[in-house]
Amino acid sequence: MLAGSAVSAMGTIAGGRAAQQAGQAQQQSLEFRAKQEEMAAQESRASQQKVALERRREGTLLQSKLQARAAASGGGASDPTVVNLAEDIAGRTEYAALTEMYKGENRARGLEDQAIGSRMTGAAALAEGNMKRKAANLSAIGTIIGGAGSMFRTASGAPGNVSYG
């Protein structure tokens, strides 16, 4: 009887260890995912910065063409219409560049939030695995004590259930 309790307790402890290892593995997997999400956030910022720089370059080129055409037409680059067009181009160019930067930043923040969520889920999985192992150890102790109590009752001839009535 005691041997059966010991075997049962060992199985419970092994199950607890397996739950703890599963929690650790899940936490490690989610930490890897979080690092990937953080890298993607950095890439998002960098790629949209490049797009923003390209928008600014295009705006500068467009302004240069406007000034060249104004000078070629004889109106001059200081003509109020040309100046207004140049200011409009500059404003739209900057707006487009800032919009691209916003897109990259917005996506990056979303990815960083996902990384935080992944880490939190990993920490919860690790804690759950550790708690299952502790619970399994306590359950195993209870199984052994219960088996010893049953063996003692059987050996002493004491009745299993006593009714007071």
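## A buried charge

A residue counts as buried when its relative accessible area is under 20%. Keep that cut-off in mind as you look at this predicted model, and start with Glu 37, which sits in helix α1. Glu 37 is buried yet has no salt bridge. The nearest side chain of opposite charge belongs to Arg 33, at 4.6 Å.

What surrounds Glu 37? Setting aside neighbours within four places in sequence, Glu 37 is in contact with Leu 111, Gln 114, Ala 115 and Ser 118.

## Along helix α1

Helix α1 covers residues 2-73, and Ser 44 is part of it. Is Ser 44 buried or exposed? Its relative accessibility is 5%, so Ser 44 counts as buried. Once neighbours within four places in sequence are left out, the contacts of Ser 44 are Gly 104, Arg 107 and Ala 108.

Gln 36 is another residue of helix α1. With 38% relative accessibility, Gln 36 counts as partly exposed. Gln 36 and Thr 121 are 85 residues apart in sequence, and their C-alpha atoms are 15 Å apart in space.

## Salt bridges

Side chains of opposite charge can pair when their charged atoms come close. In this model the count comes to twelve salt bridges. One of them joins Glu 54 and Arg 57, with an N to O distance of 2.7 Å. These two residues are three apart in helix α1, which means that about one helical turn separates them. Glu 54 is partly exposed at 29% relative accessible area, and Arg 57 is partly exposed at 46%.

Glu 58 and Arg 55 also form a salt bridge, and their closest N and O atoms are 3.8 Å apart. Both residues lie in helix α1, three residues apart, or about one turn of the helix. Glu 58 counts as partly exposed at 36% relative accessibility, as does Arg 55 at 30%.

## A link between the helices

The side chains of Arg 56 and Glu 94 meet at 2.9 Å, N to O. This pair links distant parts of the chain: Arg 56 is in helix α1 and Glu 94 is in helix α2, 38 residues apart. Arg 56 is partly exposed, with 28% relative accessibility, and Glu 94 is partly exposed too, with a relative accessible area of 32%.

## Helix α2 and the surface

Helix α2 covers residues 80-156, and Glu 87 has its place there. Is Glu 87 buried or exposed? Glu 87 has a relative accessible area of 51%, so it is exposed. Glu 87 and Gly 76 are eleven residues apart in sequence, and their C-alpha atoms are 15 Å apart.

To finish, look for the nonpolar patch on the surface formed by Leu 138, Ile 141 and Ile 145. Together these residues have about 330 Å² of accessible area. Ile 141 belongs to helix α2 and is partly exposed, with a relative accessible area of 47%.

Key. Residues numbered from 1 in each chain as written. Predicted model: local features only at pLDDT ≥ 70, side-chain atom pairs only at ≥ 80, totals over all residues. Heavy atoms only, no water. Helix = DSSP H or I, 4+ residues; strand = E, 2+ residues; numbered from the N terminus. Buried < 20%, exposed > 50% of the residue type's maximum accessible area, 1.4 Å probe, protein only. Contact = heavy atoms within 4.5 Å. Patch = residues over 30% accessible without salt bridge, like charges linked within 9 Å, V, L, I, M, F, W, Y side chains within 5 Å. Areas by Shrake-Rupley, 256 points an atom, 1.4 Å probe, with all protein chains shown as cover. Salt bridge = Lys/Arg side-chain N within 4 Å of Asp/Glu carboxyl O. Lys, Arg positive; Asp, Glu negative; His and termini not counted.
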